[in-house]
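The sequence and the structure are shown first.

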Amino acid sequence: MQIQSEIRNYIIENILFGDDELLDIDTSFQENGILDSIGFLEIITFVEGKFGIEIADNEVIPENLGSLRRISDFVEKKLNEKTIV
């Protein structure tokens with residue numbers, strides 16, 4: 001939940017400028033106009049820096065980054081992989 005909360009706060013503060021009405025856990029970023037291509041780059045940069053992970057180009061897909069739930073699950077998975085290695 002900590003990961004999800006940090007990502008949610010970042011999006012609200014830096015992309016939605018405090019307007020959290022559109023941001024539900026399963027709301028599609030792209031379909032609802034929450035993130036455009038620049039927004040995705042911003043969130044990827046934030047996540048990589050904040051959590052110390054690398055997101056490969058082939059991982060930048062809606063299944064990994066399409067909603068708050070998907071991105072937080074993806075980050076958690078990447079952190080678990082990093083711990084195992």
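## Surroundings of Ser67

Not counting residues up to four places away in sequence, Ser67 touches Ile25, Asp26, Thr27 and Phe29. The model is a predicted one. Ser67 has its place in the loop between helix 3 (62-65) and helix 4. Its relative accessibility is 4%, and Ser67 therefore counts as buried, the limit being under 20%.

Phe29 is among the members of the largest nonpolar core that touch the most other members, and Asp26 forms a salt bridge with Arg69.

## Overall architecture

The secondary structure of the protein comes to 4 helices and 0 strands, and the pattern read along the sequence is α-α-α-α. The C-alpha trace spans about 40 × 25 × 20 Å along its principal axes. For 85 residues, a compact globule would have a radius of gyration near 12 Å, and the value for the protein, 12 Å, agrees with this.

Buried residues make up 40% of the 85 residues. Among contacts with a separation of 6 or more, 56% are accounted for by residues 24 or more positions apart. The accessible surface comes to about 5,400 Å², and carbon and sulfur atoms hold 48% of that area.

## The nonpolar core

The largest nonpolar core has 24 residues, of which Ile7, Ile11, Phe29, Ile43, Val47, Ile71 and Val75 touch the most other members. Helix 1 (2-14), helix 2 (37-51) and helix 4 (68-84) are the elements that give two or more residues to this core. Helix 2 provides the largest share, 6 residues. Val75 is in contact with Ile3, Ile7, Val47, Phe51 and Ile53, when its neighbours within four places in sequence are left aside.

In helix 1, the buried residues are Ile3, Gln4, Ile7, Tyr10, Ile11 and Ile12. These buried residues pack against helix 2 and helix 4.

## Salt bridges

Side chains of opposite charge can pair when their charged atoms come close. A search of the whole structure finds 4 salt bridges, including the pairs described here. The side chains of Lys50 and Glu6 meet with an N to O distance of 3.0 Å. Because Lys50 lies in helix 2 and Glu6 in helix 1, this pair ties together parts that are 44 residues apart in sequence. Lys50 counts as partly exposed, at 45% relative accessibility.

In the salt bridge between Asp26 and Arg69, the closest N and O atoms are 2.6 Å apart. Asp26 belongs to the loop between helix 1 and helix 2 and Arg69 to helix 4, so the pair joins parts that are 43 residues apart in sequence. Asp26 is partly exposed at 44% relative accessibility, and Arg69 is partly exposed at 35%. A further salt bridge joins the side chains of Glu59 and Lys78 (3.1 Å, N to O). This pair links distant parts of the chain, with Glu59 in the loop between helix 2 and helix 3 and Lys78 in helix 4, 19 residues apart. Glu59 counts as buried at 18% relative accessibility, and Lys78 is buried with a relative accessible area of 14%.

Notes:
Residues are numbered from 1 along each chain as its sequence is written. This is a predicted model: local features need pLDDT of at least 70, side-chain atom pairs count only at pLDDT 80 or more; totals for chains, interfaces and linings use all residues. Side-chain values use heavy atoms; hydrogens and water are left out. A nonpolar core is a set of buried Ala, Val, Leu, Ile, Met, Phe, Trp, Tyr and Cys residues joined through side-chain atoms within 4.5 Å. Buried means under 20% relative accessible area, exposed over 50%, partly exposed in between (1.4 Å probe, protein chains only). Contact means heavy atoms within 4.5 Å. The radius of gyration is taken over C-alpha atoms; the globule rule is 2.2 Å times the number of residues to the power 0.38. Accessible areas come from the Shrake-Rupley method with a 1.4 Å probe; for residues, only the protein chains shown count as cover.
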